[in-house]
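Please look over the sequence and the structure first, and then follow the sections below.

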Amino acid sequence: IDVLNSTGVSANATLRLYYNGTNTQRLSAENETLNSTIPEGLWKLFLESNGLNLTMDNVNITNNAGSGNVSFNGNISTGSVLPSSINAVVSSLGRLVSAETSFNFSIGNIVFSYNDSGMNEDYMSLWACHEWNMSTDSCGGSWENVTANSTINTTSDIAEVNTSRFSAFALVQDKYCGDGTCDSGLEDCSSCPADCGACIVN
């Protein structure tokens with residue numbers, strides 16, 4: 001099992017293989033390819049690197065002709081990739097991560113930390129792009145709000161997404177009444193005088 005970054009180069013990460021549906025570890029590797037002979041069947045695969053954790057359950061590793069890989073990018077720049085399709089409801093990106101794998105799995109989980117500086121944690125959401133290009137760090141499709149399948153722990157600054165497939169996941173700052181901007185289509189003087197000012201009565 002190879003662990004790669006978004007450019008296809010070996011990445012620093014801890015990789016663990018568990019018996020499926022348990023926390024009983026069979027194998028592990030740190031900053032290297034995991035090479036071993038294992039029995040046929042389903043397994044649980046876990047990867048950890050720099051505040052990003054990936055978990056895959058019901059992984060049929062032995063169906064991959066003896067090899068496979070997991071790729072990830074936990075440090076995508078958030079400066080210029082705010083999805084235009086969600087600009088209407090999102091004001092800024094908190095953290096953007098991506099992952100893909102050659103393995104088939106039925107239950108996945110991605111957990112990542114975020115910096116809450118400048119964020120109003122009462123108004124955050126999580127979005128996914130399932131057509132993410134790892135080499136160009138760009139979304140080839142639309143973004144889907146996956147907050148309903150997610151947990152944001154504002155005490156420990158940890159976001160967790162349950163998913164059946166890996167892709168790109170973005171923790172974002174939602175627009176809200178009181179953020180200092182009167183957002184057209186979302187707010188007006190009657191719904192948010194704090195941002196839009198008081199309505200003028202003639």
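## The sheet

How many bridges join strand E8 to strand E14? In this predicted model, strand E8 (residues 107-113) and strand E14 (residues 158-163) run antiparallel and are joined by 6 bridges, and within this pairing Ile110 stands opposite Val161 in E14.

Both strands belong to an open sheet of 7 strands, whose order is E3-E2-E4-E5-E8-E14-E13 and whose pairing is antiparallel. The edges are taken by strand E3 (25-30) and strand E13 (150-153), and because each has a single partner strand, one side of each is left without a neighbour in the sheet. From one strand to the next, the twist averages 10°.

## The nonpolar cores

The largest nonpolar core holds 37 residues, among which Leu45, Leu54, Phe72, Ile110 and Phe112 touch the most other members. Strand E5 (residues 52-59) gives the most to this core, with 4 residues. Leu54 has contacts that include Leu45, Phe72, Ile110 and Phe166, when residues up to four places away in sequence are not counted.

A second, separate core has 13 residues, including Leu93, Leu96, Met134 and Ala168.

## The disulfides

The structure holds 4 disulfides, and with bonded cysteines counted along the chain they follow the pattern 1-2, 3-6, 4-7, 5-8. One of them is formed by Cys129 and Cys139, with sulfur atoms 2.1 Å apart; Cys129 is buried at 0% relative accessibility, whereas Cys139 is partly exposed at 24%.

Another disulfide joins Cys182 to Cys196, and the link is right-handed, with 95° about the S-S bond. Cys182 lies in the loop between E15 and H1 and Cys196 in helix H1, so this pair ties together parts that are 14 residues apart in sequence.

How values were computed
Residues are numbered from 1 along each chain as its sequence is written. This is a predicted model: local features need pLDDT of at least 70, side-chain atom pairs count only at pLDDT 80 or more; totals for chains, interfaces and linings use all residues. Side-chain values use heavy atoms; hydrogens and water are left out. A nonpolar core is a set of buried Ala, Val, Leu, Ile, Met, Phe, Trp, Tyr and Cys residues joined through side-chain atoms within 4.5 Å. Buried means under 20% relative accessible area, exposed over 50%, partly exposed in between (1.4 Å probe, protein chains only). Helices (H or I, at least four residues) and strands (E, at least two) are DSSP runs, numbered from the N terminus. Contact means heavy atoms within 4.5 Å. Two strands pair if DSSP finds at least two bridges between them. Axes are lines fitted to C-alpha atoms, for helices over the stretch in contact, and angles run from 0 to 180 degrees between N-to-C directions. A disulfide is a pair of cysteine sulfur atoms within 2.5 Å.
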